[in-house]
Each structure stands twice: as C-alpha cells, then as structure tokens.
Amino acid sequence: MTTTPTARLDFDGVLFFPVTPFDAGGRVDLDVLGEHLETRLPFGPGGVFPACGTGEFHALSAGEAIDVVRTSVDVVAGRVPVIAGAGGPLGHAIELAHGAAETGADGLLLLPPYLVSGTADGLVAWVEAVAAASDLPVIVYHRGTARYTADAITRLAANPKVVGFKDGTGDIGLAQEIVLAAEAAGRDDWAFFNGLLTAELSQGAYRGIGIPLYSSAAFAMIPELAALHYRAYVDGDETTRMTLLREFYTPLVRLRDETPGFGVSLIKAGLRRRGLPVGSVRPPLVDPTPEQEARLAAILDCGLALVELGGTRPAGSACPSTAMADAAGAASR
C-alpha cells in the first residue's frame, strides 16, 4: 500500500446534514444555503456534510454538488470539518472527489454506487478507486448497494485514506462486527456513526456497540432541540433524552414514515415554516400535504416548548402524544 497516511477526522458534536435550497425556478440557491449554514453553526455541530442524503445528493448534478460544497467550505471557514458527499456511478464519484478537494473540503462521505451491486471485492475496489482520486480522507456509507462485510472493512482498513464508517442499515449485529474488525486492524482513528433516519431514536443502541456519533437531519430544521438532545446524550441525562425522544422524535418519526422520502421533505417543510425559503424537494420526492404540514407544525411547536423548558414536558397540550399523532396519520390515509 503506497497511499500516504491522512489526518484523522475528529468530530465533537452532532453531525449536521444541511438541505440544498432551491429557488422558485428550481435552481440551487447558494445565498439561502449560506444563511442556512451560518444560522446553524452557533449551535455547535461537530461537522457539516453538504450535498449528502438530506442535501438531495441523488438529485444534484456534479456541478451543483461541487457548488454546494464550495459554498459550505467558504461559510464554515474552518470552524468545523466539511465532509462532501460523493458516490453514484464511478466516474461521477471521482469527479465529485476531485471537485471537493479543489474546494478545500476536509473529507468525503462515500455514498453507495448507482443501481448495481457487486461482490465484496468489487465494492472494495470501487471505494479504493474513489479514494485514489484525491488526497481527501473517506468515510464509507453502509446502505443500499454498498453493503460492507467485516472482511471488506478489514481490507479497507489497510488503506489509510479510509477513516470512517456510517451505518444506514440498522443491522446492529453486523455493525458490531465491523467496529471490531476495524479495531482488530489497528485503526483506532476511525470515526463511526449512526446514519439511520432520525438517528436520535436509535442512538442509545449504537452507543452500546462502540458507535458514538450520529447524523441529525433534525439539526437542520430545529437545531435548538437537536443540540439539547446531544447535550443530554453526552452528559448521560437520560431523563431529558427520553423526554425528547418521547415527545418530539417519536411523533416526528411516525409522520416521516407515512411517505417515502419524508426524511428530507419534512426537514425542508419545517425550514420553510420557520422562515427560511429553501424551496421544495426535487422529484421523485414529494412535499407534505397541507394536513401533514399542520401536524409537522404542531411537532415543531412542541420541540420549541421543550427547549424553552430545558427538556421538561410542557404542561397542557403543547406536545401531541404519539397516540394522537398515530390517530391523525391514520385518519389522513
């Protein structure tokens, strides 16, 4: 192996996955993106991951993705690491790796290959081909067509450019094997994080297997509450954490699960409600209905009330119960 060792990526805080704003004509709005980033940085994200899943990576051209990363690097200005999304067809992934390096990004989150899946040997070769395209360190994303085995991780751990693993499958047993495989390979510098949708809800389990970090789409929409959850998580304040899971995150997940793609669509709808004109999602994703947006508004109001009270459940009807959220969802279908 002739690759040069790279600096480890250290993340201290919840991982922020910004949306990609679009204007009324459907074009990427870099000015609104800058505002989105700047207004979230005071809440202490551990890293910024532009043009990734929440940023509608699937719907961006290579040029658009590189512009999003460049704007993110300029706004963040070295305050926290900026990890750019790359992936899809091999040529596209390599182009994005080149572009991210030229913008000054700190690393790559390698999303799955497009459409096809191959053997473990093929997946390892695909990762190494993208990693070789720049000097940036690479975090691999375990989901979709990119299904890593413990053996594949052992082999990738021999490449010093590969510095992390994000799980998006929810297979806790396999994730545990992968953590152990990286440790056995002598890689105590790897960043492991939970990348399931609304990861706050499952992070207690991931922490138990040695995956201490997690991504947060909610941080993009309601950073006040996402930061409160992270502080409770780090401090071991289980009373506050469980209150936030019960009163905010569980109803949000119930709503999210009604429609495919709502892991992104609801975040954009929430941002629009809070005054940031991020536009709609691009097809094939769809926006929430007015009735769904009304339920999202109630969940957000609950979240802000929880923040005001430091994680204590508000009195009265400020927070809709999970049962109420389920009933409303059933009535709308």
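The second largest pocket of this predicted model has a volume of about 160 Å³. Here a pocket is an open set of points on a 1 Å grid over the protein atoms alone, with protein on both sides within 12 Å along at least five of seven lines, and lining residues have an atom within 4 Å of a point. A volume is the space filled by probe spheres set on the points, which are joined across faces, edges and corners. Residues are numbered from 1 along each chain as its sequence is written. Because the model is predicted, local features need pLDDT of at least 70 and side-chain atom pairs pLDDT 80 or more, while totals for chains, interfaces and linings use all residues; side-chain values use heavy atoms, without hydrogens or water.

The lining of this second pocket comprises 13 residues, with Pro 113, Val 116, Ser 117, Gly 118 and Trp 126 nearest the centre. Helix H4 (residues 120–131) supplies the largest share, three residues; helices (H or I, at least four residues) and strands (E, at least two) are DSSP runs, numbered from the N terminus.

Turning to the largest pocket, the space amounts to about 950 Å³. Its lining counts 44 residues, and Gly 53, Thr 54, Leu 111, Tyr 141 and Arg 143 are the closest to the centre. Helix H11 gives the most to this lining, five residues.

Thr 54 sits in the loop between strand S2 (47–48) and helix H2 (62–76), and counts as buried because its relative accessibility is 10% (buried means under 20% relative accessible area, with a 1.4 Å probe and protein chains only).

Notes. On a 1 Å grid over the protein atoms alone, a cavity is a set of points where a 1.4 Å probe fits but cannot get out, and a pocket is an open set with protein on both sides within 12 Å along at least five of seven lines; lining residues have an atom within 4 Å of a point. Buried means under 20% relative accessible area, exposed over 50%, partly exposed in between (1.4 Å probe, protein chains only).
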